[in-house]
Structure formats: structure tokens, C-alpha cells
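This briefing gathers what can be said about selected parts of the structure shown below. Please read it alongside the sequence and the coordinates.

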Amino acid sequence: MSMLEMRQVTKRYGHGPTEVNALRGVDLCVDPGELVAVMGPSGSGKSSLLTIAGSLEAPTSGEVFVGGADLLAMSRNETARLRRRSIGYVFQDFNLLAGLTAAENVALPLELDGTSVKVARRAAMLALGELGLDDKASRFPDQLSGGERQRVAVARAVVGDRRLLLADEPSGALDSENGEAVMRLVRAACSRGVAGVVVTHDAQLASWADRVIFLRDGRVADSTAAVPGPESLLTGGRPS
Amino acid sequence: MSVRHALLALLSDGPKFGLQLRQDFEARTGEVWPLNVGQVYTTLQRLERDGLVAGEDADDDLADGGPRKHFHITPAGEVELGHWLRTPPDLSSPPRDELVIKVLVAVQVAGVDVHEVIQVHRRYVVELMQQWTRLKADATTADEDLGFALAVDAELFRLDSVVRWLDAAEGRLRRRPVDVAAAPATPRTAAPLPMPAPRRRTGLRR
Amino acid sequence: MNGATTALPRSANGGRAARRALVRWSVRLFRREWRQQLLVLSLLTLAVAATIVGIAIGANATTTVQAELGSASHLLTIDGHASKLSEDLDAARAAFGTIEVISHQDVVVPGSVAPLDLRDQDPHGAFKHATLRLVSGRYPTGPDEAAVTDGAATALDVQVGVAVRTGDRTRQVVGVVENPLNLSDEFVLVPTGQATPAAHVSVLAHITDEQLTSFHTIDGTGLSVQSGGDVTSSQAAAIMLAISTVGMLFIGLLAVSGFTVMAQRRLRALGMLESIGATDRHVRLVMLANGAVVGLVSAIAGAALGLTAWLGFAPHLERILRHRVEHVNRFDLPWWALVATMALAFLTAVVAAWWPARSVSRVPVVAALSGRPPDPQPAHRSAAVGALLAGGGYLLLFFWRSTAPMLVAGILATTIGMLFLAPVAIRALAAIGGRAPVSIRLALRDLVRYQARSGAALGAITLAIGIAATIAVADSSMQATADAAAPNGNLRDTELVVYLGRESTAPIPDASATALATAQASAQQIVTAVGAASAITLQAAINPDAATLPPLGNQPGGRMPASLAKVKSIGNGTSVQIVSAIYVATPELLASAGLTADGLDPAADIVSPRDLNGLQLELGRRDPTVPKVQVYDLAAYTSEPTTMISTASMQRLNLQPITAGWLIRSDSALTSAQISAARRIAADAGLTIETRTTTGPNGALGTDSTTIGALIALAVLAMTVGLIRSETAGDLRTLTAAGASTRTRRWLVGATAGALGLLGAVLGILGAHLAVLAWNHGRLGSLAHTPIANLLMLIVGLPLVAMTAGWVLAGRQPPTIARAALT
């Protein structure tokens, strides 16, 4: 079963002369463990795709299923619970709440879901540890570098038992080294079975994905085939 | 020719045999650019002729009976290597890029959807990038793979620039008032008719 | 396999763990950002402090009854000449248990109309011990000793160690005393039992009304009962309630505008919170927790500040309140009211935070993440709600203002209604300013765009100005509509009357021409002493046929002047209660009242600013004469010689004029030094003077309140304009980048401040007039005397000052604004 399934999703903003068709019948399936990149120029509707997949916005028409559950049939509280438990978000910037330490930021979705402080903190420390940020756990966001902040954001997006990771230009504000570090984390999460969607206009970021979808004017224009074996690149093969 | 200077660089570490030089070269460049033995020896001969390296017969012979030559870099070679490292490559004249030519032709040929042509190339390039990235992702970050990582990055950035050019080209084409080749001049496009021509010329110069 | 399908049995909102996490974040945010909330915090703190000081003053200002009763509940005054005084006192003691008996005598002050009270109060009396305090010297002990208050010492011209003549006895002054609860209470103190014969006796007891009604022993004549207690304490409670309500409203409005700005600032963070799964309730909780923290901090800080201010400034208040505020009394505060104020402040801050919390939780997550403010509510809907609330509240005020809960509800409803109406007013102004230069247009449009906070700010400004304007309007209408009962007092504070007799209605001694000339010379001395220009001679009318009265006690004999009196038959005798002295309407006196002889009604016998029709002209004749009184328009003072008898009427009634005294008018209020100099001159010449004794309403109150209201409104303006403009710092940067000069920035801030000030002044003054109208039950006449100068000061001056201040201060951009956008 697909972790994320979008069927014929359309999204319109505004009315009359100011009407904008952000999405016009998009189909998208993302399986567990799969990382899909959505590429497109600005205005192609890729951010709308992500907010609709993440239950932050309702589509004008179409169907969205996360883990088999119909988003459109859910109340505001139920979608909020879905976001706490199943969906992790990473934004381009402004990912962390000032006033909470890195560990508290990571633990927040769990605490919002009713997990006790102790259990949530243990889970947060575990997630931070995997990202090599143990020593930064008690720092506040403004005491972290941009790359570290984004890594904490990824940790928060995957903490607990979250199965769908949505990222909107996750390394847009970072240099290529930090951007690569963030994408490695996303990749690692997917290899543990998380379904990932990365929205970007950057081909280098998109190339981390198993599948790249090209969005044009609110439609899926094209997508890449499955990645062939890397050996095909090296004429002589890799000597062992 | 960079193989020449790459060999000089390898010799600056210390004297080496020809075969050893080939292995080191491939290791340093991350096996991205394969090199055959003949090429190594031809290059070494030229370097010796130019006085940049000096070769001497080793004490032990190879199994096939040929003399096993031990190469080391001369002071003139070191000067040449230093000079080469600091001389920028010639980037001023554009290479004849086949992809650019194909897109330019697609614009001219009637009945061809240039966006589709661009997308085909873009998909191909992105797929290539995916493969390179997969290589990078699988590689461990150990020291011996540093050269490999640098080479892969170079390739990724090169391909990335191609994708960016395709994106920019598509944007530029999209902003064209109408498809000049396909549609007859409408009243709206009649007035700024001279405009597309200079734009295309600008595109050509790039 | 995934979280969505494995529904765990947890509550939809994450329960206690979620609440704890959010409150923790909120408190942490407050600790990080308290400087940004400093304006809100400090204004809330000030409001709480002001309310607390107000309550403390209110609690201490309502002690006038205490000053007379001490801790007793009832004061019975018995005529000292009562036939069986001692039996009555025994009976009272038997009926009431503990009683305190104080005998009083009148001590004539030479040269003054007003006598001094001599009392034999016991410094350790059962009930009134708190009303007596030794300032210096010692308490009198022997029959020839006395103590005086400082005022009495001045009046009698004595000091410690000097003999004082009281009635027929001479006593040595041994100490200075005072009534700490009423510093205006001037008296002579003698030891217990030394005030004989008593003119009247007061009996103090702590009893119930039932005990009093069952006590019949004292015969009805010459007994008056005064009770304290319940009435005053409920009044005090009502005053405190009103102060608290207005204070809290003010706090609430300030907090709403402050929290709205805060919610806007945190919009992105709250959006992100929602994106990681926070529900609407979680988002509201964050804002409410912030409100609670702000409320708590400002309640505690405000209480501390208010109490400190009260304790520090209490001595200065003594002069205003005319009673001592002792160290002990300073802590004698209605603690329940203070605690209630703090609790109310806390609650108000939470409720104020709820409003913006509600609207911010309704912002779509995507809009919140991009920091877009919620769309303004349609103005007409809020206008309808506002009109309904304001109208309903106004009706409550109009019809049920006497019941405290209705009063509070009325004030609340009216003010909240005004808050809802504010956006309409702002929109109207923006529509008017649609063609103004770009900076003014932009300022007005920002006010509309950020309607929630500008509306609340306007509400707070309106309230501040409204209170000030209400006081000014009410004060002036009170002055204007003072009725015949003349609560204005006896004389204006610029006037002094010199009498040949003891007082205005006492017998006038028959004076020879030389004696009259001497008296005239003394009057002229007084004119010089008080710095006046001249004296107007007052002539009384006498019945030439009536006998000359013999001297009585210290009162000289002479001719009884004609007066207006209420005459009642009691048994076979009559009781005569003199209401007003009358004077001959000489052209000089008529002119002093703004009248001319030609302007008088020929049919009228007497002209007066008071309606004295129906009273008898008391001439010492048997046949009653009820004169016709023409009432003219002048503020009435009981002793001012403004009631005059026409010369025609004099002839008809066969009356003769006789010089009775002089009216002296100064340009400014008389000082106490001038008054005592005048009194000394009068005493030496055997004359008597009368000056203003009480303090009534005066214009100063209106001006003071206008100034204070304007200052508060300016402070609120400064805060809100600062907040609004700091939120649009981005626009300002863009404008600057687009080549806008400092001038543009100045105009932008100036126009924002000026617009809010103007709207606040107009709405506040409108509200004030409606409030006064409601208070007077719709009598439009009560508004006829609007203090135009004060109101002009508010409606023109305030916006101008606000605009100028904004214009000047906007030149330098505070560094915080530059940093505001970085989060």
C-alpha cells in the first residue's frame, strides 16, 4: 500500500479574474521507503502539492490518502493528530520554535500527542544522536548554525513513528555541503522505510530521489525512470 | 594536456614506476577517467624529452625481460608543474556544446515542440545526476575516496549547470510572445515584431 | 504499519503533556521577548497600580462620618437645655450599655461669624479616641486648662501658655490637638465635665437600629440622631467597584491591542506549530498562557508599585484629603478589593489574550506560515454588534444606574460596543483620507489593515478621553444646574462680607454717625488688607416701629433686620426659621449682581437668584406678609447679598434702610492670611466678617481631569502607534529603499498618531456627553454648559500634540525596529 496517494488533485486559489489554478489533476503515489522529488519552476504548484499532501490545505477536488486514511473525511483535530503522528515537515527556513532547545523542539510533536516529558525527551535524544547532534541538544535554535538547525528539523520530522516526510526546499538556504548533509539524512530516513517527498527546483537536491517528478503548470509533465545501477557510469567498472 | 601534468604531480611525491603511476592516477581521480598503459608511457617519453622528468633503469627487471624504468621529477618539471597549477584553463571561448545546438535547432524547426525536446534532455540529465548521486551516497566518506567525491561533485555541478540552462532556456522560450514559427503574426505581436530576432541573436551568442 | 491507522486511545488534544509543553514554550517565549512586551507590561502594571492607589484613596476618603462618630454606630445630639438631661443620659446608658458623652459649647471668635466648638472629649473615650490626637504640649487636666487645634489657635489668636477666654471663663492653653480623621475640624478641648453649661450634648453608642427605636426615654424635642455604618460602606464599595471596573476595562483594551500585535508577530511560529500537529486549542493555549504570564507579572508588579506609591505619597495626600493618613491607617486597606483587583487584572489579561488567540487560531496554516494576517472582519457586522451592545449598555446606564451590577454591566457593554464600532470609524476616516498624500493614505490604510489592534487602541484612547471629558462635562453641568438648595456654599471664595451685627440676620446695633464712620474706615482697611478695589455698602430694611432688642449674651442689641423666613405655628407659639437675609436694592448692589433698576419686575417685591416664593417677610409685625419674588439667573450662594427688596416695596411696607455692612470682592480667591488679617481688623472694630466656609465644585477639577485624561490618552497613543508602526517596519524599509525621505516617515507616524487621537477624542467626547445625559436622566439642559475650552483642548489639541510628537520622534528610527524582522 502506498504511504501517500493523491488522485486527480486540483487546487484553485481566488475567484474570478484573480483565479489561479495551482494544481490541475495531479496523481502521485509514494511507497514506504521511496524518496520522490518534485521539480518545477516557481508557480508550478509544487508547494501546494506538498501542503495538500501534508493536510495543511484541502484540495479543491480530488482525493488524498495518507497511510490509507482519507484526509478529506477528517476533522481539523484529526488532521492535526495525523500531523503529530504520521507526517513530518521540513521547511526551507524558520523550522524551529525559538524558546525551545533543540531537544525540546524534536520532542514537541510527541509531547503534543500526549507522550510524557521523559519518554518524549528520550526519543528526541535518540533522534538527535543518530544525526550526531547529541552535544547540541540543549542549545537554542539561535545558537545553532543554519545546517545544524535544518538537521534538527529533520530529526523532528522523523521522530517517533512518522512514516511520511515532506520537505519544501529543505536546503534552499544552505550551502551545498550542508544541503548534502540534510539530504543524506532524508535519504537515511527513507532507507528505514519512511516515504519521502522533496519539493525543489534544484536538480542536485532532486537527484537524491529514487524518482523525480516534473511539474509544469499544475500538471505532472514527466518523471524519471528507475535509477539504473551506478556501474553503468564507469566504463571500466570499479576495481575492488 | 592534463595527463602530462597529472603525472608530474604524482611524481612530485617521489620516484615511481610507470605502472605504479597509472594505478595512482586512477586512484586519485576516483576512477572516473580511465587511463591505458600506452598513454602513460607515451606521455612519460615526451616528458623525458622535454627534460621535465628523468628516467633510469631499475636494478630488477620485469618478468618479460624489458627494462623497468624508475621515473623522478626534475627541477624544471617542478617549475612547470607549479606554473600549470596556477594557470587558469582556457574558459573564454565556449565549447561546442551539442545540447545547446540541438535546442537552438529545435527552436528553428517547424512542427517540433521545443519544450518537449528540452524536457527529454532534462530528464536524461537528471537521471544521470541521480546515478552520480547514488554513487556518492553509497560511498563512505573515507580519505581514500576524497578524489572520487571531488570528481563526482564536479560532474554533478556540470550536469546541474546543464539543467539550469535548460530551465532558463525554457523560461525564455515560454516568455516569447507567440511561437513565431508556428503562428501567423497576430495584431498583438505585430507591433513588437522586430523584438524576437534580437532575442534569438542574444541566445545565439551565448 | 502507520500512525494514522493505529488509532491510539489518547485524547485529541494530547492531554496534560501537550498543555505542559505549550505552556513551557509560552513562558520561555515571554522570558525571551519580555522586552518586546515591555510596553504592554508597563502600561498594564501602571493601570493596576493606579487602580490600587485609587482604591486606597477611596478607602481612606470615605471617613468623614468616622471623623464624627469614631467607632460608634450612632450619634445622638441632645439639647443642653433639656429639662432632665442627666436622667436622659442615665437612661441611655442603661439602654445602650457603653456610651460616650461629650458636652459642647460655642466659643465666639472675635470678628468672625462662625463660632468655634468647645468640647469636653475624653482622649481615651470609648468610641471617639481615634478622633483626638495631641500634636504638642499636653492634654488639659484642670478646670482652668484647655487645648486648641491649630486653626482654633489662629482664630482665637492664642498659643500654648497664653490664656484664652471661652464664654465667661478664662483658661490656660496647655497643648495643641487635632482630629486626625478631619483636619478641618477646629475646636477647643477641655477636660471631661468642664464644658458647662452645655449648649448641646452628644451621646455616642454602638447599637442596632432596633435598640434605638425601642429607646423612648428621651423626649422628642431637641434630639437628633445621626448614624454611620452601612450607607457609607456600601457607597465606598460601589466607588471601588466602579474604579476597578473602569480600570479593568482600560487594562483589557490595552491588553487586547498589545496581544493582537504579539499574535501577529508570532503568526509564523504558530503556523509552524500547527504544521507539526498542534490543534486550534493548542494554538489558543499558547496565547492564553502568554496572557496569563503577562497578567500575573503585571498584577504582582502593579500591586507592589501601587502599594509603594500609596505608602510613599500618603503624607502628601493628607493635605488634599484633610485627614491624617497614619502608618497604621495606611495598611488599613480593603485587602479583599486589592486581591480582587489583582485577580481581575490576571483574568482580564487572559480574556484579552483570548480574542487575538481565537482569530489567530482561525488563520489557515499556509497563510500563517507565510506570515499573512487574517482578513479583516466585514465592518458592517461588527458595527451591528457594536451598536447593539453600546445601545443596550446605554439603556442599562440610563434606567438602572443606581444598582451596582447594572452599572458595571452598563459600563462594560457600552465600552465593548464602542470597541466594535471603532473599525467603522477607522474605515470612515480612511475613506475620507482616500485622496490625501501617499504617506497619510498609507498610514490610514494600515490602520484599516491592522484593524484588530488599531480598534482596540482606539477603544483605550476613547475610554481615557471619555473619562476625562465626562468629569469635565459633569463638573460644569453640576456648577450650572446647582438648584435653589445652593450646594455652592455660603459665599464665593473671592468674597468677604463685613457685618455691623453678629451675622447677616442678627440685630444691627444703632450706630451714631461717628461710630458708623469708624466702622466704614475699618471696612476700608479690610478692603486694603485683602487687596480688593472697593466695598459695596449693604443696607438692611428695618421696621421703624419695632422695639430695639436688648443685648443677649455676647450678642449686642439693636434693630432686627427684615428677612425671609419659614413660619410655622407650634401649639400656641410660632417657630420662625430664617431662610435668607434681604438687602435694599440700591443701584450699587443691583449692579454688583448684574441687574439694573429698570430690569426689575414692577410687581415683584423682592428679587433673588433663589426661588423664595411662599416665604414670609419677617418684620416683627403680627400681620404676615408674603412677598412676590422675582427669580433671576445667577449662581446662588446662601450668604451672598443677592436677595434684594425694591425701594417701592420698602415704601409700601413702611420700611427704613439702615447700614448693615459691606460686601468686599477681590479678583482672586482670598488666602487664609488675608482672611485672618481681615478678622483681626474686624474684631478690633467690633465688626464681624464672613468668608467662604465650604468647598464645592469648581472649574479646576474639570481642567485637571482634562489634562490627566489627555496625558493618559497620549501614553496609550504612544504605545499603540509604536506597536503598529514597528509591525510595518518592513514597509518602512521598502519605502526608504524606494527613495522616501525622513519626511515621509515622519508624516506616516504623525498621521497614524493624529488619526487615532482625533477619532479617540471625537468618540470619547460623544460618549461623555451621552454618559452625562444618562446620569441626568435625559435632561438636555444639563449639557447646556459644556466646558468648550476643555473639550476643544481635547478635540484639537490632543490630535495635534500626538501628530507633532509622532512627527518629531519618527525622525530617528529606533534600533529595535531595524531588528524586528529578524526572527
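In chain C, helix α20 (residues 672-685) lies across β11 and β21 and runs at about 160 degrees to β21(C). Helices (H or I, at least four residues) and strands (E, at least two) are DSSP runs numbered from the N terminus, contact requires C-beta atoms, placed from the backbone, to lie within 7 Å, and angles run from 0 to 180 degrees between the N-to-C directions of axes, which are lines fitted to C-alpha atoms, for helices over the stretch in contact. The model is a predicted one, in which local features need pLDDT of at least 70 and side-chain atom pairs count only at pLDDT 80 or more, whereas totals for chains, interfaces and linings use all residues. Residues are numbered from 1 along each chain as its sequence is written, while chains are lettered from A and ligands numbered from 1 in the order in which they are written.

- Four strands of chain C form an open sheet in the order β12-β20-β11-β21, with antiparallel pairing, where two strands pair if DSSP finds at least two bridges between them.
- The edges of this sheet are taken by β12 (535-542) and β21 (688-691) of chain C, each of which has a single partner strand, so one side of each is left without a neighbour in the sheet.
- From one strand to the next, the twist averages 30 degrees.
- The antiparallel pairing of β12(C) with strand β20 (residues 656-665) of chain C extends over eight bridges, and A540(C) stands opposite I658(C) of β20(C).
- Helix α17 (residues 513-529) of chain C lies across β11 (495-499), β12 and β20 of chain C, and its direction makes an angle of about 15 degrees with β20(C).

**Pairings of β5 in chain C**

- Strand β5 (residues 145-148) of chain C pairs in the parallel sense with strand β7 (residues 169-178) of chain C over four bridges, and V148(C) stands opposite V176(C) in β7(C).
- With strand β8 (residues 187-189) of chain C, β5(C) pairs in the antiparallel sense over two bridges, and here A147(C) stands opposite L189(C).

**A helix pair in chain B**

- Helices α2 (residues 18-28) and α3 (residues 37-49) of chain B pack at an angle of about 115 degrees, and their axes are 10 Å apart.
- That angle makes α2(B) roughly perpendicular to α3(B), the scale being roughly parallel under 35 degrees, roughly antiparallel over 145, roughly perpendicular from 65 to 115 and oblique for the rest.
- The contact is made by G18(B), L21(B) and R22(B) on α2(B), and by V37(B), V40(B), Y41(B) and L44(B) on α3(B).
- These contact residues of α2(B) and α3(B) divide into five nonpolar, one polar and one charged, where Ala, Val, Leu, Ile, Met, Phe, Trp, Tyr, Cys and Pro count as nonpolar, Asp, Glu, Lys and Arg as charged, and the others, Gly among them, as polar.

**The surroundings of L615(C)**

- L615(C) is placed in the loop between β16 (606-608) and β17 (616-618) of chain C.
- L615(C) counts as buried because it has 22 C-beta neighbours inside 10 Å, the classes being buried at 20 or more other C-beta atoms within 10 Å, exposed at 12 or fewer, and partly exposed in between.
- Apart from neighbours within four places in sequence, L615(C) is in contact with L564(C), A565(C), K566(C) and V579(C).
- The C-alpha atoms of L615(C) and L564(C) are separated by 5.9 Å, although these residues are 51 residues apart along the chain.

Notes. Contact = placed C-beta atoms within 7 Å.
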